[in-house]
Amino acid sequence: MGTTTKELEETQTKDSAVLHIGAVLPNLRSNFLSRLMNALILQAEQNRCRVQIALHDKDPQQEYRLIRRMAAERPDALLLCPINQGARFEQFLKRLAIPTAAVGNYISPDFPFISSDEKQATVDAVALLAAKGYRKLVFVCPQLAVRAHENIHTHEQRTYGFIEATHKQNLEAIIVGTADFLTELDMVLQNGGPRTAILASGDTCALQVMQHLQKKGLRVPADIGVMGFGNIDALQYIHPSLATVSRDLEAAGRASADVLQALIENRPAAAETLLPCHVIDGGTL
C-alpha cells in the first residue's frame, strides 16, 4: 500500500515536533560524562528531544567555537560541562539567548546546574577514613594545578569538603595538587607520622597512587590506606577492592534532561540540583 497525503502530513507534523538539544562537552572518556549522557539521551528521547554532541577535548578556544557553531543551528537548549569560566564566558552565553544548563562544572546562578553533591561526598569519605582510625589524610588532586585557567568546580568542591571535614575531625591534613603528584606524594610520605590514608579525587588517580606505592614496597592497606572517587566500572577487576565514592550518574542524566525540558517549555527549573553520593568501603582501607 502507498502512503496517503494525510499520513505524510501527520509524519511531517510529528517530525517537526522533535526538539533539539545541543551538548558541548570535553569528551566522553570519563565515567561521569559517558554514563550521565547515556541516561540523558534515553530520557530526552522520551521527551521527543534529539541530542547532538560536540567534543572540545578541554580546549578552551575550541569550546567557544563549538558553542558558536551549535548555537548557529538554533537548538532549543544547550547543555555544557564547561572548562571556561568567569564573567566573559557568562556574558558570551547570555548573548546567545538560548536556554542553557551546566553539568559537573558550575557557571553562575543564572544557569541551572546539575551535579552530585561533591563536597558532602568528600565529607562522608573523610568520616569513613576517620572511623577506620586514620589520623593523617593526604588529598591528591592534580587537577588543582590548572584551576587558574580551567573550570574544575567538581574537584574544588571535593577540596573544600576535605578541608572542612579534616578540620572538624581534628585530623592532620595535606593537599597534593601538582601535575607531578607522585613526586610530591613521595616527599609528603617521607615525613612519616600517624596512621595515614590517601584520598584521591578520582579512581584513576587512586589506582596510579596504589601502583606507585606498591613499587615503593608499601603495602595497601597494611602500611597505608587508599581511597578513590567515582566508582568507575574498572574497579570490579581491581584487587584489593578500592574504597571509593559512588555517584548516581543515571539520576544526574535524567535530572539534566528534565531541567532542559523545563527550560525549553519556559517552566521554572531548579537553579541547582545536587544528587547524593554514598561511600563504599573496600579492601584498600
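1. Buried means under 20% relative accessible area. Glu150 is 59 residues away from Val209 along the chain, and their C-alpha atoms are 24 Å apart. Please keep in mind that this is a predicted model.

2. Next, the sheet. Six strands form an open sheet in the order β2-β1-β3-β4-β5-β11, and the pairing is parallel. The edges belong to β2 (49-55) and β11 (272-275). Each of these two has a single partner strand, so one side of each has no neighbour in the sheet. From one strand to the next, the twist averages 20°. In general, the strands of a sheet pair through backbone hydrogen bonds, in either a parallel or an antiparallel way.

3. The pairing of β11 can be followed residue by residue. Its link to β5 (residues 113-116) consists of four bridges, and the two strands run parallel. Within this pairing, Ile114 has Thr273 in β11 as its bridge partner.

4. Now the cysteines. A disulfide is a covalent bond between the sulfur atoms of two cysteines. The cut-off here is a sulfur pair within 2.5 Å. By that rule the structure has zero disulfides. Cys81 is buried at 6% relative accessible area. Cys205 is buried too, at 9%.

5. On the salt bridges: the structure holds 13 of them. One joins the side chains of Lys94 and Asp110, at 2.6 Å from N to O. Lys94 lies in helix α4 (residues 87-96), while Asp110 is in the loop between β4 (100-103) and β5. These two residues are 16 apart, and the pair links distant parts of the chain. Lys94 is partly exposed, with 36% relative accessibility.

6. Which parts does the salt bridge between Arg247 and Glu118 tie together? The closest N and O atoms of this pair are 3.1 Å apart. Arg247 is in strand β10 (residues 244-247) and Glu118 in helix α5 (residues 118-131), so the bridge ties together parts 129 residues apart in sequence. Both ends are worth a look in the viewer. Arg247 is buried, at a relative accessible area of 10%. Glu118 counts as buried at 3% relative accessibility.

7. Asp186 and Lys216 also meet through their side chains in a salt bridge, 3.5 Å from N to O. Asp186 belongs to helix α7 (residues 181-189). Lys216 belongs to the loop between α8 and β9 (225-227), 30 residues away. Is each end buried or exposed? Asp186 is partly exposed, with a relative accessible area of 21%. Lys216 counts as exposed, at 52% relative accessibility. Elsewhere, salt bridges that share partners join Glu90, Lys94 and Asp110 into one network.

8. Last, the surface. Leu28, Ile53 and Leu55 make a nonpolar surface patch of about 220 Å². Leu28 comes from the loop between β1 (19-25) and α2 (31-46). Its relative accessible area is 37%, so Leu28 is partly exposed.

Note on methods: Residues are numbered from 1 along each chain as its sequence is written. This is a predicted model: local features need pLDDT of at least 70, side-chain atom pairs count only at pLDDT 80 or more; totals for chains, interfaces and linings use all residues. Side-chain values use heavy atoms; hydrogens and water are left out. Buried means under 20% relative accessible area, exposed over 50%, partly exposed in between (1.4 Å probe, protein chains only). Patches are made of residues with over 30% relative accessible area and no salt bridge: like charges are joined within 9 Å, nonpolar side chains (Val, Leu, Ile, Met, Phe, Trp, Tyr) within 5 Å. Accessible areas come from the Shrake-Rupley method with a 1.4 Å probe; for residues, only the protein chains shown count as cover. A salt bridge is a side-chain nitrogen of Lys or Arg within 4 Å of a carboxyl oxygen of Asp or Glu. Two strands pair if DSSP finds at least two bridges between them. Axes are lines fitted to C-alpha atoms, for helices over the stretch in contact, and angles run from 0 to 180 degrees between N-to-C directions.
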